[in-house]
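Let's take a walk through this one together, starting with a pair of helices and then moving on to the aromatic rings.

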Amino acid sequence: MATPAADAPPAAGLRDRILRGLGWKVISQIVLLASKFVVAIVLARLLAPDDFGLAGMVLVFASLAYVFSDLALGAALVQRRVLSDADRSTVFWTSFAAGLAFTGLGVALSGPIAALYGEPAVQPLFAALSLSFLVNALGTTQKALLTRELDFRRLELRMILATLIAAAVGIALAAYGFGAWAIIAQQLTIAGVSTVLLWAVSPWRPRFTFSRASLRDLSGFSANVFATRMLFYVSRNADNFLIGRFLGTAALGLYALAYNVMLTPFSQIAGPIQEVLFPAFSRMQDDVRRLGSIWLRVNRMVAAFAMPALLGLMIVASDFVHVALGERWEDAVPLIQILAWVGLLQSLQRMNSSVLQARDRTSTLLVFSVVAVSANVVAFVVGLRWGIVGVAVCYAVSNTALQPMYTWLTARAVGLSLLDCARNLSGVAQASLLMAALVLGCRLL
């Protein structure tokens, strides 16, 4: 039975739901960022670079659990104006079948992947992490339905608890000498606890119903989103794979730590806002002017946090590494400085995919993803000649060239221009550059 009115929040209450969702995201991210930052530092003290590198070889494939967990059908549930009971149950059983298949495939491929790396220790780690395909798949439909309803209170309380439990597990195993297993166990714990809590907080339960008509209807949207996620996965992980394969575990450990310290925290600011705004944008997909106005304001808000923080950290990176991480991570300083620029660019682009998906411009998103992935992979390969610093520099150059194109495509979808986007960020950029100049002057003095 279709439920158009029940699924979509009334227009009058949409603003309040967005604000409540953002409020819960703020609370959640304060806890999660603090937890992840502390865990990263503690693990850096307890584990050696080789442990990070070994786990990094496995975690290259970890985000595949997100890509394959529901074949992007969850995004279609959020974007559609009208849903039926058959739509929901069809997505659940399709996701379950996909998760089960990919878990089996992951276990079967764990040996060949270990051989590809030339590291036998990768095999059991990868086989264990493959369970996350099935575990995540079991909760994706409930998560999509709660997201569609903008019920972020339940979603964020669930993630806070799962992350804190996983942090305790990871630190405990690292302290007892389990090495790379501590990081893998942390990932599995987040997946398991998160899925259990999704079933606890969501009232929806699947029925023994499968509709081919529903699958065909939803797959038109989800196919482009799924292909885009796959390409994003390649772009996001090709550098880790190439570094691990050609430069070794120690180099990958340095690169992964710099990446996590500099890029992950600020993607954690823009990413959660994106999660709230995608269902909201989908509700206002026909009100183009309003959608474009909100997109500009959100980008300015993200820039107000990301620009001064990342520019400042580029200047004090050496001091940060010595104080927070220890002298054995000194080689990560130039990586942090370079990747901070990449993090700044990416944080300002995180809303773009939500706008394009809400406007059902997924084909545009897919074409850009093909171009971006091709450019990034070429950059990584070229950069290998100069080691991990070369990879980071080429990655920064590629992103600097690509992001204006991404902004232009998104702006065009909501009737705006690149000049509108530049004007929107000009004040924040000027203030951030002034702050960076003052910080640099103080440090030199």
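Which residues in α19 meet which residues in α20? Keep in mind as you look that this is a predicted model. On the α19 side you'll find T364, L365, F368, V371, A372, A375, N376, A379, F380, V382 and G383. They meet G387, G390, V391, C394, Y395, S398, N399, L402, M405, Y406 and L409 in α20. Sort that contact by class and you get 15 nonpolar residues, seven polar ones and no charged ones.

How are the two helices arranged? Two packed helices are described by the angle between their axes and the distance between the axes. Here, α19 covers residues 362–383 and α20 covers residues 387–413, and they pack at an angle of about 160° with their axes 8 Å apart. Angles over 145 degrees count as roughly antiparallel, so that is the label for α19 and α20. The crossing of α19 past α20 is right-handed.

While you're on this pair, click on S374, which sits in α19. S374 has a relative accessible area of 42%, so it counts as partly exposed. From S374 to S398 is 24 residues in sequence and 10.0 Å in space, going C-alpha to C-alpha.

Now for the rings. The model has 12 aromatic pairs. One of them joins F37 and F320: the ring centres are 6.2 Å apart and the planes sit at 40°, so this pair is tilted. F37 belongs to helix α2 (residues 11–46) and F320 to helix α16 (residues 317–325), so the pair ties together parts that are 283 residues apart in sequence. As for accessibility, F37 is partly exposed because its relative accessible area is 38%. F320 comes in at 17%, and since buried means under 20%, F320 counts as buried.

Y255 and Y259 make another tilted aromatic pair, with 6.2 Å from centre to centre and 40° between the planes. Both tyrosines lie in helix α13 (residues 249–262), where they are four residues apart, or about one turn of the helix. Are they buried or exposed? Y255 is buried, at 0% relative accessible area, and Y259 is buried too, at 6%.

One last stop: which residues do ring pairs link into a cluster? Look for F92, W93, F96, W199, W204 and F208.

Key: Residues numbered from 1 in each chain as written. Predicted model: local features only at pLDDT ≥ 70, side-chain atom pairs only at ≥ 80, totals over all residues. Heavy atoms only, no water. Axes fitted to C-alpha atoms, helices over the stretch in contact; angles between N-to-C directions. Helix = DSSP H or I, 4+ residues; strand = E, 2+ residues; numbered from the N terminus. Parallel < 35°, antiparallel > 145°, perpendicular 65-115°, else oblique. Left-handed = near helix turned anticlockwise from the far one by under 90°. Contact = heavy atoms within 4.5 Å. Nonpolar A, V, L, I, M, F, W, Y, C, P; charged D, E, K, R; others polar. Phe/Tyr/Trp six-rings, centres within 6.5 Å; stacked < 30°, edge-to-face > 60°. Buried < 20%, exposed > 50% of the residue type's maximum accessible area, 1.4 Å probe, protein only.
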